[in-house]
Amino acid sequence: MEQSTVTLRELKSGDADRMVELANNENVSINLRDQFPHPYTRRDAERFLKLIRVGDQISAFAIESNGTYVGNIGLIRETDVYKNSAELGYFLGEPYWNQGVMTKAIVLALQFGFETLDLNRVHCGVFEFNKASQRVLEKAGFIKEGIFKQAVFKKGQFWDEIRYAKLRPKS
């Protein structure tokens, strides 16, 4: 999947070193759930790559910008009555912030989710202090659905989580 200079491709074991290089950054991890550790080690990268190979609920991809690995993006399909929905998750290495890379990657992930996975809805939660990620989701066509007051405990205090979603386009 490709949109101009941004491509999504299958993650591979050879991505581990670069993943560690980009992910082992507190400016990245502060915006993510605690299951994304800091420091981020080779072992963490290998564990993640193994998880996505055996799981059938995760569709995760490497993000490339101009042929260089710059981060990850994935859709985690929900179950039961939510089976036609998925949660979007992503990270982008700090050197690639504010260049439009993530907006393009999200558009590609949505295309995959709606067309290949036949999803009806994709949602994403963002910590209130992550204004850049909120703007990226809005640029990709997500709508703010609500605020989960003090739902997140990060950086030693409670924060709101801003919830966004995008529905499958009507044909």
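**Salt bridges, helix packing and core**

In the predicted model described here, Asp-160 has a relative accessibility of 11% and therefore counts as buried, where buried means under 20% relative accessible area, exposed over 50%, and partly exposed in between, with a 1.4 Å probe and protein chains only. Residues are numbered from 1 along each chain as its sequence is written, and side-chain values use heavy atoms, with hydrogens and water left out. Because the model is predicted, local features need a pLDDT of at least 70 and side-chain atom pairs count only at pLDDT 80 or more, whereas totals for chains, interfaces and linings use all residues.

Asp-160 takes part in a salt bridge with Lys-149, at 3.1 Å from N to O; a salt bridge is defined as a side-chain nitrogen of Lys or Arg within 4 Å of a carboxyl oxygen of Asp or Glu. Since Lys-149 lies in strand β7 and Asp-160 in strand β8, the pair ties together parts that are 11 residues apart in sequence; helices (H or I, at least four residues) and strands (E, at least two) are DSSP runs, numbered from the N terminus. In contrast to the buried Asp-160, Lys-149 is exposed, with a relative accessibility of 61%.

Across the whole structure, a search finds 12 salt bridges. One of them joins the side chains of Arg-168 and Asp-118 at 2.9 Å, N to O. Arg-168 belongs to the segment after β8 (157–167) and Asp-118 to the loop between α4 (101–115) and β6 (121–127), so this pair connects parts that are 50 residues apart in sequence. Both partners are partly exposed, Arg-168 at 32% and Asp-118 at 48% relative accessibility. A further bridge is formed by Arg-121 and Glu-145, whose closest N and O atoms are 2.3 Å apart. Here strand β6, which holds Arg-121, is linked to strand β7 (residues 143–154), which holds Glu-145, across 24 residues. Arg-121 is partly exposed, at 22% relative accessibility.

In helix α5 (residues 131–139), the buried residues are Ser-133, Gln-134, Val-136 and Leu-137. These four cover an arc of only 160° around the axis, which places them on the same side of α5, the arc being that of the directions from the helix axis to the C-beta atoms. They pack against β5 (85–92), α4, β6 and β8. On the α4 side, Thr-103 is buried at 16% relative accessibility and touches Val-136, Lys-139 and Ala-140, not counting residues up to four places away in sequence; contact means heavy atoms within 4.5 Å. Just after α5, Gly-141 takes a positive phi of about 95°.

The largest nonpolar core has 48 residues, and those with the most contacts inside it are Ile-73, Leu-88 and Ile-106; such a core is a set of buried Ala, Val, Leu, Ile, Met, Phe, Trp, Tyr and Cys residues joined through side-chain atoms within 4.5 Å. The largest share of this core, nine residues, comes from α4. Residues that Leu-88 touches, not counting those up to four places away in sequence, include Ile-73, Ile-106, Val-122 and Leu-137.

Overall, the protein chain has five helices and eight strands, and 46% of its 171 residues count as buried. Along its principal axes, the C-alpha trace spans about 40 × 40 × 35 Å.
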